[in-house]
Amino acid sequence: MRHAIEHIPVDRADTSEVRGTVTLAFSDRHRRRIRLHDDAGEPFLLDLPHAVRLADGDRLRLADGGVIVVRAADEPVLTITAAGPIATAKLAWHIGNRHTPVQVLNDGRLRIIDDHVMRDMITGLGGVVENEIAPFDPLNGAYHGLGGAHGHSHGNDHFDHDDHEHDHGHDHKHSHHHGHSHDHG
């Protein structure tokens, strides 16, 4: 079986021969080690040194040469339009305040995984929400890849932490309840 042993981010130059593609939903793109099938149905073992969030266009280097290209699958998403840049920034703040992954589209609209609680919050704040089936490729967190990363898991995250090891060296001094009607002031 083929072994994918290195993650190559989409923004890093690589001229390796493409030996396939693998299309995954967002919840399946935070991985370290798992058996997968490429889009042609051929199995391979993803075997990375640590868990990474795979983005659309990232490549997975195979032990025997070449790469498999990661594609974001179409899935239920909410595409959000606001009245202008200030309203969009405010909506982005509220979405981020709830630790919800967000994608900023080229036209300035925002996209999140379909969630009725978030939909209600966004429309309550004046945003216009469109239900779509589209690829979801959110921004990485500000600390992604910098060694000081920390995350939160409150049971409502839309991605898999099974392979992710947490050693933050700090405590969170704030509490969360997830009725999604609060602000962390």
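Because the model is predicted, local features require pLDDT of at least 70 and side-chain atom pairs count only at pLDDT 80 or more, while totals for chains, interfaces and linings use all residues. Residues are numbered from 1 along each chain as its sequence is written, and side-chain values use heavy atoms, with hydrogens and water left out.

The chain contains two helices and ten strands, where helices (H or I, at least four residues) and strands (E, at least two) are DSSP runs numbered from the N terminus. Read from the N terminus, the order of elements is β-β-β-β-β-β-β-α-β-β-α-β. Of the 185 residues, 38% count as buried; the term denotes under 20% relative accessible area, with exposed set at over 50% and partly exposed in between (1.4 Å probe, protein chains only).

Six strands make up an open sheet with mixed pairing, in the order β2-β6-β5-β1-β4-β3; strands are taken to pair if DSSP finds at least two bridges between them. The edge positions are held by β2 and β3, each with a single partner strand, so one side of each has no neighbour in the sheet. On average, neighbouring strands of this sheet are turned by 25° against each other, direction ignored. The axes behind this value are lines fitted to C-alpha atoms, for helices over the stretch in contact, and angles run from 0 to 180 degrees between N-to-C directions. Strands β2 and β6 (residues 67–72) run parallel and are joined by five bridges. V18 lies opposite V67 of β6.

A further open sheet consists of four strands in the order β8-β9-β7-β10, with antiparallel pairing. Here β8 and β10 are the edge strands, each with a single partner strand, so one side of each is left without a neighbour in the sheet. Four bridges connect β7 (residues 74–81) and β9 (residues 110–113) in the antiparallel sense. The bridge partner of L78 in β9 is I112.

A pair of aromatic rings is described by the distance of the centres and the angle of the planes. Rings of Phe, Tyr and Trp (its six-membered ring) pair if their centres lie within 6.5 Å; planes under 30 degrees apart count as stacked, over 60 as edge-to-face and the rest as tilted. The count by this rule is one aromatic pair. The pair is formed by F26 and F136 in an edge-to-face arrangement, at 5.0 Å centre to centre and 85° between the planes. It links distant parts of the chain, 110 residues apart: F26 is in the loop between β2 (18–24) and β3 (30–37), and F136 is in the segment after β10 (128–135). Both F26 and F136 are buried.

H99, in the loop between α1 (85–97) and β8 (103–104), has a positive phi near 55° although it is a residue other than glycine. H99 is partly exposed, with a relative accessible area of 27%. P85 is located in helix α1 and counts as exposed at 71% relative accessibility.
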